Amino acid sequence: MGFRIVHQLDDSRLIINSSGGNNGKIYREGFHHIPPYQKEIRLNYLDHHTALSAIQLMESDLLPVDEHNHYTQVDSAIVYWGEVRCYAGTFNAPLIDAQGRENGKGFDRNLYMSQSRKLNDLFVRCQMKGSAQGVIQDVFDITRQAAKGQYYTNGRLGQVIMSNNSSDGYAVNGWSPGPDMPDEWASAIVDQNRNMNALPEDMNYWNRPLQIAIFRQNGKYFNVGDTVRVKICLINEEKIAANNYDLKIKIKDGAGMILYSDEVKNIQVEGGNVFAQTLLDDFSFILGKEWRSGYVTVEGTLMNGKKCVADGKEQVLLRNRPSQKERLKGRNITVMGWPQAEKALTDACGNLSLSGKKKGVILLGKEASETEWKNALERVKNGDNLIIQTDTIAGKKLYDFGLIDQPVKAWGGVQTGHWNGNGSSYIEIFPGDQTIASGKTISTRSWEAIGNPRGFYPFSSKFPLKIHGLYVANHFDRDKRFSEETNVLVTYGEITYGKGVILLNAAYWVDEDNVFADLLFYNMVDHYSRH
């Protein structure tokens with residue numbers, strides 16, 4: 001009876017009696033529904049909620065094999081993915097706080113005021129306007145950069161579903177109730193005030209109705225000599241007609257150099273109501289020793305004559321320490337008390353240049369002596385740059401030497417998964433300029449990072465400050481890992497000291513001995529040794 005009443009009120013709507021709840025039986029049971037502009041109650045509507053999420057994109061979702069990661073071959077029914085994965089994002093505390101202040105409302109504004117106050121303070125004191133290569137223009141942009149990992153994961157999941165021609169639609173969570181609730185959700189793409197967590201382009205790129213969709217098939221981290229495999233598809237929602245087209249594939253290394261340019265492959269595009277088709281089921285290439293480490297980017301373009309009608313990219317990370325030799329050749333690099341940094345540089349460059357004839361960079365590690373600290377700081381006064389492996393001991397020394405004027409009180413940086421997951425950070429400069437889709441910064445909840453983004457607070461000094469990475473977390477009273485004390489942490493902070501600068505490197509040290517830590521380390525050394 002209820003179906004009929006709703007249908008009489010508005011027959012343009014799809015009317016269903018429930019969503020989800022299939023318990024994995026998507027292909028064996030359907031939901032009662034009435035299609036738009038029809039009267040018959042049918043059972044050929046299939047709806048499955050795949051509400052399972054980790055901290056970052058699960059790589060297995062890029063090679064779907066069954067309904068649990070969004071794969072279907074059912075064409076005789078409407079297949080709708082009702083609640084996809086539920087990756088968590090970060091609320092824009094400064095914006096929610098400002099909106100509550102402006103309209104004199106906001107019953108739970110107090111939950112956002114602490115983080116808002118800290119971020120506003122750092123934005124002013126640390127000269128953050130124009131930072132992140134111009135991306136951060138106001139305080140509201142800070143959490144948007146940290147939250148872009150959520151938009152990456154949602155975007156990639158949408159791309160996977162769109163590349164399956166038997167899928168008919170999907171939904172991501174659209175609204176979160178906020179941290180005042182007993183079981184707060186953080187998985188929606190907007191917060192409780194309907195503000196977008198990140199910038200739309202971070203998701204739009206992956207959900208274009210016409211694109212070459214490329215999916216890595218055998219992992220995301222690689223070494224020299226490994227074979228990378230990708231699947232190449234076309235998403236074409238009636239944007240180009242059926243015809244013969246040419247597919248061109250290029251592959252760039254971490255320096256942006258084109259090291260592979262494939263011969264043109266003739267492709268028959270089916271068009272019409274075929275919204276997705278596989279172009280190359282298994283395209284593979286081997287990573288050579290001449291390839292610069294970092295991001296390896298696979299680019300596909302579909303050509304109609306000389307006109308590009310569709311394009312797309314995919315990335316993996318390559319570890320290849322010797323490939324950094326030419327880049328760092330002739331740099332003046334000094335290592336004090338940081339064995340793993342010295343090993344990474346020796347693996348790349350052989351013997352380091354210690355001539356002192358030109359300004360350089362000093363890497364000061366946890367094992368550095370008091371004398372080495374003093375020598376390093378003296379050199380920074382005269383124009384060298386310094387990178388400090390920053391932990392609790394280094395934090396105390398920074399205060400003792402007067403580099404910071406408030407002792408560090410909080411350390412942390414936890415990231416958790418599921419729909420009420422929490423904690424995220426952004427990093428700028430050190431990932432380099434090869435990232436897609438929106439570039440300039442990465443989120444540690446995206447795909448590249450390994451582990452948690454360790455950070456500290458407060459970050460205060462009589463010397464000029466800058467920030468290259470911040471961790472933010474929603475304040476959840478029920479979870480002490482996300483207390484008010486740790487809801488804002490600095491992961492990469494810079495102090496101008498004399499004629500040089502000091503980077504406090506609190507997160508993702510090269511000691512972690514992985515591809516992501518290497519990426520940040522060599523870019524960091526390159527950045528601070530360039531004079």
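Helix α9 is followed by G383, whose phi is positive, near 125°. The model is a predicted one, in which local features need pLDDT of at least 70, side-chain atom pairs count only at pLDDT 80 or more, and totals for chains, interfaces and linings use all residues. Residues are numbered from 1 along each chain as its sequence is written, and side-chain values use heavy atoms, with hydrogens and water left out. Helices (H or I, at least four residues) and strands (E, at least two) are DSSP runs, numbered from the N terminus.

Helix α9 covers residues 370–381, and its twelve residues should span 16 Å at 1.5 Å a residue, a value with which the 17 Å between its end C-alpha atoms agrees; the expected span is 1.5 Å times one less than the number of residues. The buried residues of α9 are W373, A376, L377 and V380, where buried means under 20% relative accessible area, exposed over 50%, and partly exposed in between (1.4 Å probe, protein chains only). Seen down the axis of α9, these buried residues fall within an arc of 95°, so they line one face of the helix, the arc being that of the directions from the helix axis to the C-beta atoms. In general, an α-helix has 3.6 residues a turn, so residues three or four places apart point the same way. The cover over the buried residues of α9 includes β15 (333–336), β16 (361–364), β17 (385–389), α10 (392–400), β23 (488–497) and β24, with contact meaning heavy atoms within 4.5 Å.

An open sheet of three strands, in the order β6-β8-β12, shows antiparallel pairing, two strands being paired if DSSP finds at least two bridges between them. Strands β6 (210–216) and β12 (276–286) stand at the edges with a single partner strand each, so one side of each is left without a neighbour in the sheet. From one strand to the next the twist averages 20°. Between β6 and β8 (residues 227–236) the antiparallel pairing runs over seven bridges, and I214 stands opposite I232 in β8. Helix α5 (residues 148–162) packs on this sheet, where it touches β6, β8 and β12, and its direction makes about 105° with that of β6; axes are lines fitted to C-alpha atoms, for helices over the stretch in contact, and angles run from 0 to 180 degrees between N-to-C directions.

Several loops carry backbone features of note. In the loop between β3 (42–50) and β4 (78–84) lies H70, a residue other than glycine with a positive phi near 75°, and H70 counts as buried at 0% relative accessibility. Y508, which is not a glycine either, has a positive phi of about 55°; Y508 is placed in the loop between β24 (500–505) and α11 (515–529) and, at 3% relative accessibility, counts as buried. The peptide bond from I436 to A437 is cis, with omega near 15°, and A437 is found in the loop between β19 (424–428) and β20 (441–443). Another cis peptide bond joins Y457 and P458, with omega about 5°, and P458 lies in the loop between β21 (455–457) and β22 (465–472).

The chain as a whole contains eleven helices and 24 strands. Its radius of gyration is 26 Å, close to the 24 Å that the globule rule gives for 531 residues, so the chain is as compact as a globular protein of that length; the radius is taken over C-alpha atoms, and the rule is 2.2 Å times the number of residues to the power 0.38. Buried residues make up 57% of the 531 residues.
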